[in-house]
Amino acid sequence: LTHYNIYLLCLYRCYGSPVSSARRFPSDFLWGVGSSSYQIEGGWNADDKGESIWDFLTHTHPEKIVDQSNGDISADSYHQWRRDVQMVRELHVGTYRFSLSWPRIMPGGYMNHVSTAGIKYYSNLIDELLRYNITPMVTIYHWELPQRLQELGGWTNPEIIPLFKDYARLVMEMYGDRVKIWTTINEPWHVCEHGYGVDYMAPSYNYPGIPAYLCGHNVLKAHAEVVHMYRDNFQKRQGGRIGITLDISWPEPKNPDSAEDREASERALQFYVGWFGHPIFSKHGNYPQVMIDRIRNLSKEQGFGARSRLPEFTTAEIHRIRGTSDFFGINSYTSNLVTSNGHNNTGKFPVPSFNHDMGVVESQEGVDWPGSGSVWLKSYPKGMYNLLMWIHREYNAPEIIVTENGVSDRGGLEDYARVDYYNLYLSSVLDAIEDGANVSGYISWSLMDSYEWKAGFTEKFGLYHVDFNSPERTRTPKISARVYAQICKTNTIDWSYRPQLDEEQTLVAMAQLPAEDQVPRSNGASGVGTISWSLVGFLLLALFR
């Protein structure tokens, strides 16, 4: 038997005939694909663009990036945007989720200097998308803060709230007649904890336990002010919707029979999702009670006095923030096993810190989940189902859009492991829909290989391969692009659809290989990695359905 025959046999035994058990999404389901400005645009100093915190970090501390690279050119979407739109068209998606670069539009972060070139760039992109009936889904902030604002303290300074509102007002005035789906801020947990709490994302403060909570407080207030402004001044005449995107890796109890591990899982959900989700989506608003209580008590124990490291909202602020999202955007890629940290700090977390406050130890040790090109990302589709159902229950059945989901590898066009990942995770999304979750859309991450933050160019998430050595940054569809296009076109997961490389793809794939390896593969198989994804993945899904 060939690998592919074994694959189909497993499929048949798990699901019956692939044809007869084809699974279909609702006819009005939103299909999309995503990107973000710093990761794809390049043009870091083109025209009069200002410096961003990522420009500053990668230029000042290249040693903090795995391959010491930067996003100065990246996929050069600042010049290649027409090709990007053609790729979105080829995928048969109805929506393209992209972000605006604050310093490209307002180089210093203030209204006193607005870039005509920056405004025109995004206006052209939006018009090109609409020309092909593709809906722009615009993220106002995806981690590109003007460096000059960071020098004021960035998101830890309350001054950021009116400045973000000014920026949002400008882009809504410029683009709101054509943009019908907005998200204010992408992944505020990453903005705050990874930006300020640890040495990871820009501005890379490595200051645990205090500034992340100041950041979160201001992010929530800024988000709410922008949503109220949109609803008061724009929404009625422009007819759009506005929301926010949160993120988490599903916290699976290490021992499902352990009450302590189940409590750790719930606590992780409240600290990761609830930190921003509870103030916006819950019935009563405010931070989750478990966060308020734990951080207050630990602050007192640690000698901070009566004042908690977690700032308090006034009653007026609680009401102002609650209900400020028309949908629940969620990004999720993987899962972790979780257990309680315990009083002896078995996780060896800094004191104080977000992780110590949460009191949860996360790991993927000992799991047999298929891996990826990222050490943190392993495939556990059941985690996506669990997460969607938790959001559904916790926040009274909000409309949910999966705003990012995807998987990395280390390169190549025969990405059958990515095909398996999408089929499995989308099946879990369908399971959640069938069990009552109001999931209205799914946005694949990502459109093309791009700059992966601290991983530089070493990890590839794209449906399209980008030749970063080519002056044109030539884009070529991977196998996964054809499969995802088929899913979006038919609204159906077809497990038997495993195309092979066409002539153009084969030439590109062969050009990447050493001369002795330039023999095209056949049969839609890509070696041991793929068969492990297929067999393990299908068995996992069958087991947990």
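Q: Hi! Leaving out residues up to four places away in sequence, which residues does Glu404 touch?
A: Hello! In this predicted model, Glu404 touches Arg97, His142, Asn186, Glu187, Ile330, Asn331, Ser332, Tyr333, Ile443 and Trp445.

Q: And which of the side chains makes a polar contact with Glu404?
A: The side chain of Arg97 does, at 3.0 Å.

Q: Is Glu404 buried or exposed, then?
A: Glu404 counts as buried, because its relative accessibility is 4% and the cut-off for buried is under 20%.

Q: Where is Glu404 in the secondary structure?
A: Glu404 is part of strand β11, which covers residues 400–405.

Q: I saw Trp445 in that list. What kind of peptide bond joins Trp445 and Ser446?
A: That bond is cis, and its omega is about 10°. Trp445 is also one of the residues that Glu404 touches. Ser446 sits in the loop between β12 (439–445) and β13 (464–466).

Q: What about the peptide bond from Ala202 to Pro203?
A: That one is cis too, with omega near 10°. Pro203 belongs to the loop between α9 (188–197) and α10 (211–233).

Q: Let's zoom out. How many helices and strands does the protein chain have?
A: The chain has 20 helices and 15 strands.

Q: What share of the residues counts as buried?
A: 62% of the 545 residues do. The chain exposes about 20,800 Å², with carbon and sulfur atoms supplying 50% of that area.

Q: How much of the contacts comes from residues 24 or more positions apart?
A: Among contacts with a separation of 6 or more, such residues account for 77%.

Q: And the charges, how far apart are their mean positions?
A: They are 4 Å apart, taking the 49 positive and 62 negative charges of the chain.

Q: Switching to helix α3: which of its residues are buried?
A: In α3 (residues 53–60), the buried residues are Ile53, Trp54, Asp55, Leu57 and Thr58. Their cover includes α2 (37–40), β4 (135–141) and α7 (147–150).

Q: What happens at the start of α3?
A: A side-chain oxygen of Ser52 comes to within 3.2 Å of the backbone nitrogen of Trp54 there.

Q: Last one: where does Ile105 lie?
A: Ile105 is in helix α5, residues 102–105, and it is buried at 0% relative accessible area. Beyond its neighbours within four places in sequence, Ile105 has contacts that include His113, Val114, Tyr122, Leu170 and Tyr175. Ile105 and Tyr78 are 27 residues apart in sequence, and 13 Å separates their C-alpha atoms.

How values were computed. Residues are numbered from 1 along each chain as its sequence is written. This is a predicted model: local features need pLDDT of at least 70, side-chain atom pairs count only at pLDDT 80 or more; totals for chains, interfaces and linings use all residues. Side-chain values use heavy atoms; hydrogens and water are left out. Helices (H or I, at least four residues) and strands (E, at least two) are DSSP runs, numbered from the N terminus. Buried means under 20% relative accessible area, exposed over 50%, partly exposed in between (1.4 Å probe, protein chains only). A polar contact is a pair of N or O atoms within 3.5 Å; within protein, one must be able to donate a hydrogen and the other to accept it, and residues adjacent in sequence count only if both atoms are side-chain atoms. Contact means heavy atoms within 4.5 Å. Accessible areas come from the Shrake-Rupley method with a 1.4 Å probe; for residues, only the protein chains shown count as cover. Lys and Arg count as positive and Asp and Glu as negative; His and the chain ends are not counted. The place of a charge is taken as NZ of Lys, CZ of Arg, CG of Asp or CD of Glu.
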